[in-house]
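Hello,

Here is the structure you asked for. My notes follow below it.

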Amino acid sequence: RVLFRSRMSALYLRKIRASRRQHSTTVEREVAKELFQLEIDELKLKKSLGDIHIHKAEEHAVGDEKVTVVYYPLRFIRKFKKIGKLLLERLEKKTEKKVVFIASRKIVRKPKNVYAQQAVKRSATMSAVHDEIMNDLVFPADVVGRRWRYNPDGSKRMKVFLDDKMRGWANAQRREAFRRIYATLTGKQVDFGFKIGRASCRERV
């Protein structure tokens with residue numbers, strides 16, 4: 001019985017990429033355990049979660065809260081989008097933390113050779129990868145618009161508008177988490193808010 005329990009308790013590790021299991025972090029093991037448990041308990045998630053594993057997970061401090069950012073293989077993106085809303089709801093309830101899922105993507109540096117540049121897929125460019133990180137970050141909300149604000153000193157800052165239907169979910173605290181995490185991952189400062197006619201509304205935290 002002890003051996004059986006030991007094997008069962010270790011099964012959750014298959015939710016972590018094989019090459020990382022031995023050196024996985026506490027956060028990654030916690031996420032893996034919760035995903036494994038949801039696969040067992042939630043019939044609506046069981047089929048889609050069966051083959052899914054994560055690349056890594058890390059925590060980001062946002063004020064007094066900690067947000068868990070989970071990275072998963074890009075090939076699973078359709079499955080994650082299909083169950084993402086329910087998965088986030090269940091995982092946040094169990095962990096009592098905000099959770100973000102981001103597909104792992106690789107940026108290909110633009111080669112100096114003009115002819116070699118044509119071989120680089122647009123989806124692998126820095127701007128395209130950063131756009132997709134943003135889309136993953138705000139999911140299940142959608143980005144419905146963007147606007148650049150130019151400052152007197154010549155600098156500029158982007159404002160991203162989210163679907164107004166998700167206003168209740170994407171509250172001020174969650175949008176602040178989006179802003180900080182996006183800045184950490186891309187080095188870009190972006191504000192998130194909602195459109196009101198031609199203007200935008202962003203609550204301060």
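**Helix 2 and alanine 32**

Alanine 32 sits in helix 2 (residues 26-41). Helices here are DSSP runs of H or I with at least four residues, strands are runs of E with at least two, and both are numbered from the N terminus. Please note that this is a predicted model: local features need pLDDT of at least 70, side-chain atom pairs count only at pLDDT 80 or more, and totals for chains, interfaces and linings use all residues. Residues are numbered from 1 along each chain as its sequence is written, and side-chain values use heavy atoms, with hydrogens and water left out.

Alanine 32 is buried, at a relative accessible area of 0%. (Buried is under 20% relative accessible area, exposed is over 50%, and partly exposed is in between, with a 1.4 Å probe and protein chains only.) Leaving aside neighbours within four places in sequence, alanine 32 is in contact with Tyr12, Lys15 and Ile16. Contact means heavy atoms within 4.5 Å. Histidine 53 is 21 residues from alanine 32 in sequence and 8.1 Å away in space, C-alpha to C-alpha.

**Pocket and cavity**

The search used a 1 Å grid over the protein atoms alone. A cavity is a set of points where a 1.4 Å probe fits but cannot get out. A pocket is an open set with protein on both sides within 12 Å along at least five of seven lines. Lining residues have an atom within 4 Å of a point. Points are joined across faces, edges and corners, and a volume is the space filled by probe spheres set on them.

The largest pocket holds about 170 Å³. Its lining is Tyr71, Ile102, Ala103, Ser104, Arg105, Ile107, Val129, His130, Ile133 and Leu185. Strand 3 (98-104) and helix 6 (126-138) are the elements that give two or more residues to this lining. By class, the pocket lining has 7 nonpolar, 2 polar and 1 charged. Nonpolar covers Ala, Val, Leu, Ile, Met, Phe, Trp, Tyr, Cys and Pro; charged covers Asp, Glu, Lys and Arg; the others, Gly among them, are polar.

How many cavities of 30 Å³ or more are there? The count is 1. The largest cavity has a volume of about 80 Å³. Tyr72, Phe80, Lys81, Gly84, Leu88, Phe101, Asp136 and Phe139 line the largest cavity. Helix 4 (residues 77-95) gives the largest share of that lining, 4 residues. The cavity lining splits into 5 nonpolar, 1 polar and 2 charged.

**Strands 4 and 5**

Strand 4 (residues 143-150) and strand 5 run antiparallel, joined by 7 bridges. Strands pair if DSSP finds at least two bridges between them. The two form a hairpin with 5 residues between them, and glycine 154 in the turn has a positive phi of about 95°. Arginine 147 stands opposite lysine 159 in strand 5. Strand 5 (residues 156-162) is mostly covered, with 5 of its 7 residues buried.

**Helix 7**

Helix 7 (residues 172-186) has 15 residues and reaches 21 Å from first C-alpha to last, close to the 21 Å expected at 1.5 Å a residue. The expected span is 1.5 Å times one less than the number of residues. Helix 7 is largely enclosed by the rest of the structure, because 11 of its 15 residues are buried. Among them are Arg174, Arg175, Phe178 and Tyr182. Glutamate 176 also belongs to helix 7 and is buried, at a relative accessible area of 7%. Glycine 187 follows helix 7, with a positive phi near 80°.

Best wishes
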